Amino acid sequence: MTEAGDLTLIGFRDSVYTWAVRWALAETGLPARKEEANPFDPEDAPGLRLHHPFGLVPVLRHGAFALYETPAILRYLDRLQRGADLVPASPRAEARMLQVMSVATTQVYWPLVRQVFSNGYYLPRLGQDADQAAFSSGLARAPLVLDALDQVADEGLVLTGEGLTLADLMLAPMLAYFNAVPEAARLTGKRGALSAWLDRVTARPAFVATRPPCLTEPTP
Ligand SMILES: N[C@@H](CCC(=O)N[C@@H](CS)C(=O)NCC(=O)O)C(=O)O
């Protein structure tokens, strides 16, 4: 197998999926070169499509091996760094982890990140026009999504704040973005188990160290 030192992450600084991979790299201690590609910039699109057929980020390159889809990348990093143990041992906890990762992609990303965070925080911060209808639609959908995740956190198989799984890596960056909008953070704050988990996991040094510039730098 190629040395772990031959890793390159192709990603966009403010991409929530790229953040999950940067956080995983920091948690596992695996070194990787970073190549910036903005999937929303038409100038970057042709180059990105050389690595990713759908023109998305992130992409992980390991020597000649190129991998896309964040869940696959996270699992690969976990396997590459023996002993990282980001998959729980019990069958039910592992299944719940996979469930949360799928829910993050299919139920959380679009309404909570693309509709609420992008239109309620990201675009206004850049002085760009926001889509108020999309913002309201995402916010209206959020309680259903947050309740489902709160139930999972309350059950205690994953999203516990003790140790780390691939589900934490996928979900916490998305909810951290969502919570950048005050109305959204109030909704999360009403879900006790989910909030307690998020408070613990977002205090991890590797999470803090990998926060994207849109959360840490002054408004441009
Ligand atoms: N299912 C993909 C989703 C990746 C994705 O949607 N990335 C966003 C950035 S956070 C992107 O590249 N968006 C570009 C676009 O929608 O055109 C994964 O798990 O990696």
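Visitor: What should I know before reading the numbers?
Guide: The model is predicted, so local features need pLDDT of at least 70 and side-chain atom pairs count only at pLDDT 80 or more, while totals for chains, interfaces and linings use all residues. Residues are numbered from 1 along each chain as its sequence is written, and side-chain values use heavy atoms, with hydrogens and water left out.

Visitor: Sheet first. What's the strand order?
Guide: S2-S1-S3-S4, in an open sheet of 4 strands with mixed pairing. Strands are DSSP runs of E with at least two residues, helices are runs of H or I with at least four, and both are numbered from the N terminus. Two strands pair if DSSP finds at least two bridges between them.

Visitor: Which strands stand at the edges?
Guide: Strand S2 (33–36) and strand S4 (65–68). Each has a single partner strand, so one side of each is left without a neighbour in the sheet. The twist averages 20° from one strand to the next.

Visitor: Which sense for S1 and S2, parallel or antiparallel?
Guide: Parallel, over 4 bridges, with S1 covering residues 7–11. Ile10 has Glu35 in S2 as its bridge partner.

Visitor: And S1 with S3, parallel or antiparallel?
Guide: Antiparallel, over 4 bridges. Leu7 stands opposite His62 in S3. S3 and S4 also pair in the antiparallel sense, over 4 bridges. There, His62 stands opposite Phe65 in S4.

Visitor: What about the hairpin of S3 and S4?
Guide: The hairpin has 2 residues between the strands, and Gly63 takes a positive phi near 60°.

Visitor: Back to His62. Buried or exposed?
Guide: His62 counts as buried, because its relative accessibility is 1%. The cut-offs: buried is under 20% relative accessible area, exposed is over 50%, partly exposed is in between, with a 1.4 Å probe and protein chains only.

Visitor: Which side chain does His62 join in a polar contact?
Guide: Tyr76, at 2.6 Å. A polar contact is a pair of N or O atoms within 3.5 Å; within protein, one must be able to donate a hydrogen and the other to accept it, and residues adjacent in sequence count only if both atoms are side-chain atoms.

Visitor: Where does helix H1 lie?
Guide: Helix H1 (residues 16–28) lies across S1 and S2, at about 155° to S1. Helix H3 (residues 70–80) packs on the sheet and touches S1, strand S3 (59–62) and S4. The direction of H3 makes about 130° with that of S4. Axes are lines fitted to C-alpha atoms, for helices over the stretch in contact, and angles run from 0 to 180 degrees between N-to-C directions. Contact means heavy atoms within 4.5 Å.

Visitor: Switching to the ligand. How many residues surround it?
Guide: 13, and the closest are Ser15, Leu56, Val57, Glu69 and Thr70. A residue is near a molecule or strand if one of its heavy atoms lies within 4 Å of it.

Visitor: Which polar atoms are involved?
Guide: A ligand nitrogen is 2.8 Å from a polar backbone atom of Val57. A ligand oxygen is 2.7 Å from an N or O atom in the Thr70 side chain. For the Arg114 side chain, an N or O atom is 3.4 Å from an oxygen atom of the ligand.

Visitor: How much of the ligand does the protein cover?
Guide: 83% of the 510 Å² of accessible area that the ligand has on its own. Accessible areas come from the Shrake-Rupley method with a 1.4 Å probe; for residues, only the protein chains shown count as cover.

Visitor: Last one. What does Thr165 touch?
Guide: Leu86, Pro88 and Met97, not counting residues up to four places away in sequence. Thr165 is in the loop between helix H5 (132–155) and helix H6 (166–178). Thr165 counts as buried, at 10% relative accessibility. A polar atom of the Thr165 side chain lies 3.1 Å from the backbone nitrogen of Ala167.
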